[in-house]
Amino acid sequence: MAKGQTLKSRASLNMIFLFQSNIVNTPVQIATGVAGGCWLFSHSLFLKSGGVLCGMNYNANGELGDGLTKSQIAPVQAANSVSKFATEVTHSLFVRADGALLAMGHNCADQLGDGTTIDANTPVQVAADVSQVAAGNNHSLYLKTNGTLWAMRDKYSGQIGNRTTTRLDITGTADNFHNQKNQNYLKVVTKDH
């Protein structure tokens, strides 16, 4: 042991070395047939060809939808027949090929849209006839096939703008639907404007 170095600091140095020795310095293939994905610092979702939704990494709130609340170091299957999906740090949503919207994960502000504030570690259906979906910080948005835009959100921060706990229906046909991340408003572009 070096002069002045304590056992605690030497142990810390050894732990750092062990951690650093496990860093992957070359790419590692984790899946094949991937059609698209969303990779966050907390967890990742990807859609395989054929509509199989898979996820990995952080899962404390059930955001991977595998029925567990423990992190997964390898991809796990969340759902089949998925056409679109969105994810944020602690919750995830997807649209099945039949237009059903399902959500899973953290639900402190009813961002899953199931009328509760109870986390869901398996997908819960919240809407039908959905064509698009987006996830934000404690809020979620979806566009129905009839052109109405719906929101489930944090009642305290006002991400949608009306500061209520009920879903917001913005009528009109939306040509451009996307999540205005980190904004406190929702921009909807309609055919008339």
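The model is predicted. The protein contains 1 helix and 14 strands. Of its 193 residues, 39% count as buried. Among contacts with a sequence separation of 6 or more, 40% are between residues 24 or more positions apart. The accessible surface amounts to about 10800 Å², and carbon and sulfur atoms hold 53% of that area.

Next come the pairing partners of β10. Strand β9, residues 130–136, pairs with β10 in the antiparallel sense through 6 bridges. Within this pair, Val-130 is placed opposite Lys-144. The hairpin of β9 and β10 has 2 residues between the strands, and Asn-138 there adopts a positive phi near 60 degrees. Strand β11, residues 149–153, also runs antiparallel to β10 and is joined to it by 5 bridges. Here Ser-140 has Met-152 of β11 as its bridge partner. The hairpin of β10 and β11 has 4 residues between the strands, and in it Gly-147 takes a positive phi near 90 degrees.

Is His-91 buried or exposed? Its relative accessibility is 0%, and because buried means under 20%, His-91 counts as buried. In sequence His-91 and Ser-140 are 49 residues apart, while their C-alpha atoms are 9.2 Å apart in space. Their side chains are joined by a polar contact of 2.9 Å. The side chain of His-91 also reaches the backbone oxygen of His-139, at 3.4 Å.

What else is in contact with His-91, leaving aside its neighbours within four places in sequence? The contacts include two further histidines, His-43 and His-106, along with Glu-63, Met-104, Gly-105, Gln-111 and Leu-112. Ala-135, Gly-136 and Asn-138 are also in contact with His-91. Of these, Asn-138 is the residue with positive phi in the hairpin of β9 and β10.

Methods:
Residues are numbered from 1 along each chain as its sequence is written. This is a predicted model: local features need pLDDT of at least 70, side-chain atom pairs count only at pLDDT 80 or more; totals for chains, interfaces and linings use all residues. Side-chain values use heavy atoms; hydrogens and water are left out. Buried means under 20% relative accessible area, exposed over 50%, partly exposed in between (1.4 Å probe, protein chains only). Contact means heavy atoms within 4.5 Å. A polar contact is a pair of N or O atoms within 3.5 Å; within protein, one must be able to donate a hydrogen and the other to accept it, and residues adjacent in sequence count only if both atoms are side-chain atoms. Accessible areas come from the Shrake-Rupley method with a 1.4 Å probe; for residues, only the protein chains shown count as cover. Two strands pair if DSSP finds at least two bridges between them.
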